[in-house]
Amino acid sequence: MNQIQGTNAFSEKRAKSRITCNFAAIVVGQDEKGREFEENARVVNMSASGIYMLLNRSIGAGEKLSVRIALPTGSLKLGSSKLLTDGNVVRVEPYTTGVMGIAVKFNHYRFR
Amino acid sequence: MVKESKDAIRIILLDNLTMVRAGLRLLIESQADMKLVGEAGDLHEALHIIADLKPDIILLELSQNGNLELEAIPQLIHANGKSRIILVTSSTDPCLYHQAMQCGVLGVVLKTQKPEVLLKAIRKVYEGEAWVERSMVASLLTNITRNQPAIPTHLETECIAHLNQREKEIVCLIGNGLNTKQIASQLFISESTVRHYLTSIYEKVNVSGRLELLIFAYRVGLVNLAHLTP
């Protein structure tokens, strides 16, 4: 067991501002063995240049992915909006629970 | 019979399962430095006893049946700002841990742990420390360092000040994920007018595209993520 001390002393040094979020997403790509997959993921932070998401499978760094992110529409009953992105995996972080943290840099995106 | 000390840690249990509460009650009552002052199985009851009893520690098990969900944590804290919440959970989802701590939980203890671990966590959190599983520290710190809460910078605040009311409305709608056609329909204006507004907004807030504007809208609070669900 450990105790941790929360701190807000980390400064933002990224080129693009980012937000903490909890958006549902569908990831389409290939796993480390080259097999195609489509799987649900959870985007936990996002900037205009990329996302960090939690996924239940491992993907190799450098792999290409398509991520369809469901944007929240709040109280506006106009149907769900989606952000369709293509990008490359730039970082993979395994968690002890088996979940993988995947950072993706966008190559391009569009709204639908 | 265990003798209680005068300065016993005052604890309440929040769990919609009666038998689980009974087990935790026995554990707490066996400790000389702890006192169980109340328990509740749903949010309404929980808010009432927290405000009334002002416990030092709240042991919380999340459940949908009793409305004791993640979203309830800020309400629990609001009921008595001095109470410290420890989440007792069977979940090993790092996302849940992170969200719970973002909401104000100060300790997370897995149900699979020995009872002594929970007792130690209660004492540490009572003393002003935080408590999480060793295995979760790395992922939590990663989340903390990479997911800083959005605080508008001075520059961003200035940018907002330059937007007129209509432009703010459009930024808000972009933040809600609407496309040009939907915004036009929502505001009863043409798509071309929306595009004109967007050009002006991009220049005023110094962004280069719609996604960057969406991020801006969240960062500066023109759209509140807490009230949105995907």
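Modeller: A definition before we start: Ala, Val, Leu, Ile, Met, Phe, Trp, Tyr, Cys and Pro count as nonpolar, Asp, Glu, Lys and Arg as charged, and the others, Gly among them, as polar. Also, this is a predicted model.

Biologist: Which residues line the largest cavity?
Modeller: The lining consists of B:L13, B:L14, B:D15, B:R21, B:L24, B:L59, B:L60, B:E61 and B:V88. In chain B, β1 (9–14), α1 (18–29) and β3 (57–60) each give two or more residues to it.

Biologist: And by class, what is in that lining?
Modeller: Six residues are nonpolar and three are charged, with no polar ones.

Biologist: Back to B:V88. What stands opposite it in β5(B)?
Modeller: B:V109. Strand β4 (residues 84–89) of chain B and β5(B) run parallel, joined by four bridges.

Biologist: Which way do the residues of β5 point?
Modeller: In β5 (residues 107–110) of chain B, B:G107 and B:V109 point one way, B:V108 and B:L110 the other way, and all are buried.

Biologist: Which helix makes a β-α-β unit with β4(B) and β5(B)?
Modeller: Helix α4 (residues 94–103) of chain B, and the unit is right-handed.

Biologist: How many residues of α4(B) are buried?
Modeller: Eight of its 10, so to speak mostly covered. Among them are B:C95, B:Y97, B:H98 and B:M101.

Biologist: What does the backbone do just after α4(B)?
Modeller: B:G104 takes a positive phi there, about 125 degrees.

Key: Residues numbered from 1 in each chain as written. Chains lettered and ligands numbered in written order. Predicted model: local features only at pLDDT ≥ 70, side-chain atom pairs only at ≥ 80, totals over all residues. Heavy atoms only, no water. 1 Å grid on protein atoms, 1.4 Å probe; cavity = no way out; pocket = protein on both sides within 12 Å on 5 of 7 lines; lining within 4 Å. Buried < 20%, exposed > 50% of the residue type's maximum accessible area, 1.4 Å probe, protein only. Pairing = 2+ DSSP bridges. Right-handed = clockwise from strand over helix to strand, strands pointing away.
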